[in-house]
Amino acid sequence: MNDQTPKRLGGSLVERAVAHQALIQRQAAQQPAPAPSAPAPLPRHDIPPFGAVEAPRAPLVRPEPVAPVDPVAQPAAARRRIAIDRKKLADHGMLVPGAVITALAEEFRLVKRQLLTTARQIRADGGAGADDRSRMILVCSAKPNDGKTFCAINLALSLAAEKDVEILLVDADFAKPDVLARLGAPDGPGLLDVLSGGVKNVEDCIIDTDVPQLSVLPAGTRSVADTELLASARAAAILDGLAAANPRRIVIFDSPPILAASPASALASHVGQVMLVVRADRTRESELRDAVGLLDGCEHIQLLLNSVSIQPNGRRFGSYGAYYGEPDQ
Ligand SMILES: Nc1ncnc2c1ncn2[C@@H]1O[C@H](COP(=O)(O)OP(=O)(O)O)[C@@H](O)[C@H]1O
Ligand SMILES: [Mg+2]
């Protein structure tokens, strides 16, 4: 697509797609990435005011050495298994495994085809760790409530119906971990517990579901150092190990919002592709630019227009919206 003229976001589906695509192409071709905005501070109660209170001097305790991580995780001893609440999925307007094919299901088929095609392209391009990276996808958006969890779960359910794959859905929105609750299942120890060294083997936190080929990894217990934990070398080994542990596994991360929390950029540097959810009529052009700039650790960013109700040529396009491809192609 050669159109480089600035366009307003709005208008028909096609106009929106062209406008977004042109925006990202311009940014990639002509402009330096926007300066990353400062990470949002943690809530006050998480950070004691520096130097405000003289803490009682604690006896010197040598920290427990953190066990080295084997990048290829060990198989879990015996996995927990949950039943996904189909009624809850239906009540939230989401895909329901085994139900009749809906417009939403068709739309997610298109989305997953595009992601699988890009995964093949990443593998064909080669390079260090290309195979593992090609099987890691980050579902991200500029702000909270744009539909990341909605899209991540629907994508995971759609991909789980493919042959010869196993889908691992990781709840990585540490501030607002919703995946397990949205599936109607109890939470448990998860990624943060492994990153902090509280749990040694990440595979022990993975929970199987009653949907064939779909398992989930909860977010785990929060600490004030989530971002630092995620940016550590130990985290790199654990995250990359999720894909390396199983060549059939596709890992989908339900990400924190990129403009509200810094862990999203740390996660983006591990994955092969980012699916950037754009909430129709809510995400601003400037937010989209900033989000793409902060995601520059990943080469393949796909835009996904969520929650639109448009009728191109009289055909209803569903509440989910339109997928219109990769901005850097
Ligand atoms: N396309 C959609 N159709 C119907 N409901 C949606 C859609 N996208 C998001 N929602 C709803 O909007 C709310 C916020 O979405 P959510 O996925 O939790 O956002 P995020 O994970 O980005 O914070 C949820 O109640 C979700 O079910
Ligand atoms: Mg969410």
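The chain holds 11 helices and 9 strands, where helices (H or I, at least four residues) and strands (E, at least two) are DSSP runs numbered from the N terminus. This is a predicted model, in which local features need pLDDT of at least 70, side-chain atom pairs count only at pLDDT 80 or more, and totals for chains, interfaces and linings use all residues. Residues are numbered from 1 along each chain as its sequence is written, while chains are lettered from A and ligands numbered from 1 in the order in which they are written.

**Exercise 1. Decide whether Val-194 is buried or exposed, and find its contacts.**

Step 1: Val-194 lies in helix α7, residues 191–195.

Step 2: Apply the count. Val-194 has 26 C-beta neighbours inside 10 Å, so it counts as buried (buried means 20 or more other C-beta atoms within 10 Å of its own, exposed 12 or fewer, partly exposed in between, with C-beta atoms placed from the backbone).

Step 3: List the partners. Leaving aside residues up to four places away in sequence, Val-194 touches Val-199, Val-202, Cys-205 and Ile-238 (contact means C-beta atoms, placed from the backbone, within 7 Å).

**Exercise 2. Describe how α3 packs against α5.**

Step 1: Read the geometry. Helix α3 (residues 103–125) and α5 pack at about 80°, with axes 9 Å apart (axes are lines fitted to C-alpha atoms over the stretch in contact, and angles run from 0 to 180 degrees between N-to-C directions).

Step 2: Name the arrangement. That angle makes α3 roughly perpendicular to α5, a term for 65 to 115 degrees.

Step 3: Name the residues. Phe-108 and Val-111 are among those contributed by α3, and Leu-155 and Leu-159 among those from α5.

**Exercise 3. Work out which residues are closest to ligand 1.**

Step 1: Take the shell. Ligand 1 is surrounded by 15 residues, the closest being Gly-147, Lys-148, Thr-149, Phe-150 and Ser-307 (near means a C-beta atom, placed from the backbone, within 6 Å).

Step 2: Assign the source. Helix α5 supplies the largest share of this shell, 3 residues.

Key
Angles under 35 degrees count as roughly parallel, over 145 as roughly antiparallel, 65 to 115 as roughly perpendicular and the rest as oblique. Two residues are in contact if their C-beta atoms, placed from the backbone, lie within 7 Å.
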